Amino acid sequence: MSEKSILVTGACGEIGQALVQDLACQGGYRIVTADLAPLPESIKPCSAEHIQGDLVNKVKLFYDYDFDIIFHLAASLSSKAEVATEEAHRINVEGTMQLLMLAAYKSEKLGKRVKFLFPSSIAVYGFPTLAAKEAAGRVKEDEWNMPHTMYGCNKLYCEKLGLYYSRYNGQRHLDPAPPVMCDFRAIRFPGLISAFTLPTGGTSDYGPDMLHSAADGRPYPCFVRSDTTISFMAMPDAIQALLQLAAAPCEKLTHGVYNIAAFSLSAGDFRRRALQAFPGAQVSFAPNPRRQGIVDSWPVDVDDSLARSEWGWQPSFDEERFFEEYFLPQIRKRYHRLGMRTNE
Ligand code: AKB
């Protein structure tokens, strides 16, 4: 069977690095990576070609390729996007729009549906008050789509753009012989936690940052209150979800945009776990009002029954397994190794 041609944008980000490694392990893919940054050593062997530079300026180069699947991961995350809103809009919306137009053009020209996998986010949701957030509990995909952030607005709009290009594209679905359209599939990710990489520019970052700081013996002043609760997931589950959705038969996918969930934790729970694992850890709470406001507008948890029924989604790591089987064993190795290196 011939190799599938894949494009991964944002390949140097947390999801990107983990995804490229998994795809390379699976084999059978020619992976073209793209990012503003050069490839880290860890994934250099996995990439057939790395296109480095500003995504919006580089999209035209991608017309020279016939990708079967596009994993469009490049994005300016919620906290960074709130500081540089115009630049976030350019990357998050213009970048996505340009790539969707590429996928639509190639699908029609090649007569085969280019799959477009898009990481959306719990940031598409928005609650006016904490009481409304608590009352809503596990939200469904079509509830509370009232984002409070530039990033959330970008993600929600791009979900709609993706569905537009994969279903209507100039109303040509009404033509006597409609053209072949791209195949858009999106996942609304919760906060993601990796034992191997650190987050940048997000607002759910306090979770992984607190744990990494505790493991590394660094004091951590958490920028949200201890009662702050949103949903989180282990990075391996996030990658598994992307690959599973990419492989799902399209006739089963009636919605195109899916919540996925694993566990919901408060910042205080993270601190308790950090102190349990690293008794000397210094974790304090110093809420930043703006970042606190962002997380207070996000759901406590999400209802992922659509993903479970339409493509068999099932997390491997609940809270207990996440800490005991994935995160703590890896994090201890990482900082022990780093500790050894600094003592040399
Ligand atoms: C962020 O914090 O911006 C992201 C997200 C929840 O989408 N991690």
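These legends accompany close-up views of a predicted model. Residues count from 1 along each chain as its sequence is written, and local features need pLDDT of at least 70, side-chain atom pairs pLDDT 80 or more, while totals for chains, interfaces and linings use all residues. Side-chain values rest on heavy atoms, without hydrogens or water.

**View 1. Seven parallel strands build an open sheet.** The order is β3-β2-β1-β4-β5-β7-β11. Strands are DSSP runs of E, at least two residues, and helices runs of H or I, at least four, numbered from the N terminus. Two strands pair if DSSP finds at least two bridges between them. β3 (49–52) and β11 (257–259) are the edge strands, each pairing on one side only.

**View 2. β2 (residues 29–35) runs parallel to β3.** Four bridges join the two strands. T33 sits opposite H50 in β3.

**View 3. Helix α1 (residues 14–26) packs on the sheet.** The helix touches β1 (4–9), β2, β4 (69–72) and β7 (183–189). Its direction makes about 165° with that of β2. Axes are lines fitted to C-alpha atoms, for helices over the stretch in contact; angles run from 0 to 180 degrees between N-to-C directions.

**View 4. The largest nonpolar core has 84 residues.** Such a core joins buried (under 20% relative accessible area, 1.4 Å probe, protein chains only) Ala, Val, Leu, Ile, Met, Phe, Trp, Tyr and Cys residues through side-chain atoms within 4.5 Å. V8, F71, Y206, W311 and F322 have the most contacts inside it. Helix α8 (residues 235–247) gives the most, with eight residues.

**View 5. V8 has contacts beyond its neighbours within four places in sequence.** Among them are L19, V20, L23, I31 and F71. Contact means heavy atoms within 4.5 Å.

Conventions
Buried means under 20% relative accessible area, exposed over 50%, partly exposed in between (1.4 Å probe, protein chains only).
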